[in-house]
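Thanks for making the time, everyone.

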Amino acid sequence: MILLTIIAVGLLTLSSISLRASSQGQAMAEARANARLAMMMALGQLQKTAGPDRRVTAPANLAKPTHPEGLAGVWKSWKPAPSGASDQDYLEAKKGDGFLGYLMSSPDPAAALDPQLLPTASTLGNTDLVSTGSLGSNLANREISAPLIPVKGGTASTASNSGSFAWTVLDEGVKSRIDLLPVDEPAGLGDSITQAGTPARNRFIKVDGMG
């Protein structure tokens with residue numbers, strides 16, 4: 001009886017561990033699927049708004065100083081008249097004309113676009129995508145928090161949330177790269193060719209502490 005009891009307890013423990021592992025695996029698969037969906041949504045919006053060559057991207061804080069400086073916005077380009085009263089076009093910021101939106105998840109993609117406003121929070125709130133992990137303690141107008149978009153699962157009659165996702169796109173073209181380290185003295189022809197095709201370095205080593 002003691003032996004049978006030990007076997008029964010062992011099988012029950014093994015069963016509970018297997019069920020727990022299966023549940024964790026399902027949650028991991030769901031999270032990865034939601035992450036892939038967020039990436040597809042981000043790429044789709046990037047292609048839709050910034051794909052044509054005549055589109056212009058700029059940091060959100062150029063439209064409004066309190067917006068996150070790393071968040072990218074997209075505008076249509078314009079062609080000001082070369083003479084006459086419309087010369088003022090050269091001097092105006094054109095912040096509102098042709099605005100196509102900020103590259104960030106939005107619970108209401110059909111909402112009116114205004115460069116002074118970021119996408120409103122969803123029913124699930126926002127989540128930090130760029131924060132202390134990469135910015136340290138200097139968060140002033142640099143932290144990016146995007147709305148969470150719920151993922152619906154089940155059928156139409158028994159719909160339920162299967163997690164959520166959020167995304168944002170950052171404009172690498174307005175950043176100074178510090179990882180471009182071409183060889184100062186090329187050791188051969190291969191190094192010379194590589195160095196000739198390497199982008200010029202930003203002189204970040206002249207900043208105190210960056211040497």
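Predicted model: local features only at pLDDT ≥ 70, side-chain atom pairs only at ≥ 80, totals over all residues.

Let me begin with Trp75, Phe99 and Tyr102, which form one aromatic cluster. Residues are numbered from 1 along each chain as its sequence is written, and side-chain values use heavy atoms, with hydrogens and water left out.

A pair of aromatic rings is described by the distance of the centres and the angle of the planes. The rule used here takes rings of Phe, Tyr and Trp (its six-membered ring) as paired if their centres lie within 6.5 Å, and calls planes under 30 degrees apart stacked, those over 60 edge-to-face and the rest tilted. By this rule the count comes to 3 aromatic pairs. One of them is Trp75 with Phe99, a tilted pair at 5.1 Å centre to centre with 55° between the planes. That pair links distant parts of the chain, with Trp75 in strand E2 (residues 72–76) and Phe99 in strand E3, 24 residues apart. Helices here are DSSP runs of H or I with at least four residues, strands are runs of E with at least two, and both are numbered from the N terminus. Phe99 also pairs with Tyr102, and because their ring centres are 4.9 Å apart and their planes stand at 65°, this pair is edge-to-face.

Buried means under 20% relative accessible area, exposed means over 50%, and partly exposed lies in between, with a 1.4 Å probe and protein chains only.

Stepping back to the fold, the protein chain has 3 helices and 7 strands, and from the N terminus on the elements run α-β-β-β-β-α-β-β-β-α. Buried residues make up 21% of the 211 residues in the protein chain. If we take contacts (heavy atoms within 4.5 Å) between residues at least 6 apart in sequence, 48% of them join residues at least 24 apart.

Next, the interior. A nonpolar core is a set of buried Ala, Val, Leu, Ile, Met, Phe, Trp, Tyr and Cys residues joined through side-chain atoms within 4.5 Å. The largest such core has 14 residues, of which Leu71, Trp75, Tyr102, Met104 and Ile144 touch the most other members. E3 and strand E5 (144–147) are the elements that give two or more residues to this core. A second, separate core of 10 residues includes Ala42, Ala72, Val74 and Ile149. Leu71, setting aside residues up to four places away in sequence, touches a list of residues that includes Ala58, Tyr102, Met104, Leu118 and Ile144.

Ser105 sits in the loop between E3 and E4, and with a relative accessibility of 1% it counts as buried. Its C-alpha atom is separated by 5.6 Å from that of Ala166, 61 residues apart along the chain. Gly125 is found in the loop between E3 and strand E4 (126–130), but is partly exposed, at 21%. Beyond its neighbours within four places in sequence, Gly125 is in contact with Ala146, Pro147 and Leu148.

Finally, the pockets. On a 1 Å grid over the protein atoms alone, where a 1.4 Å probe fits, a pocket is an open set of points with protein on both sides within 12 Å along at least five of seven lines, and lining residues have an atom within 4 Å of a point. The largest pocket holds about 560 Å³ of space, and of the 24 residues that line it, Ser106, Asp108, Pro109, Leu113 and Pro119 are the closest to its centre. Helix H1 (2–50) and strand E3 (99–102) each supply at least two residues of that lining. The second largest pocket holds about 300 Å³, where a volume is the space filled by probe spheres set on grid points joined across faces, edges and corners. Among the residues that line this second pocket are Glu69, Arg142, Ile144 and Lys175.
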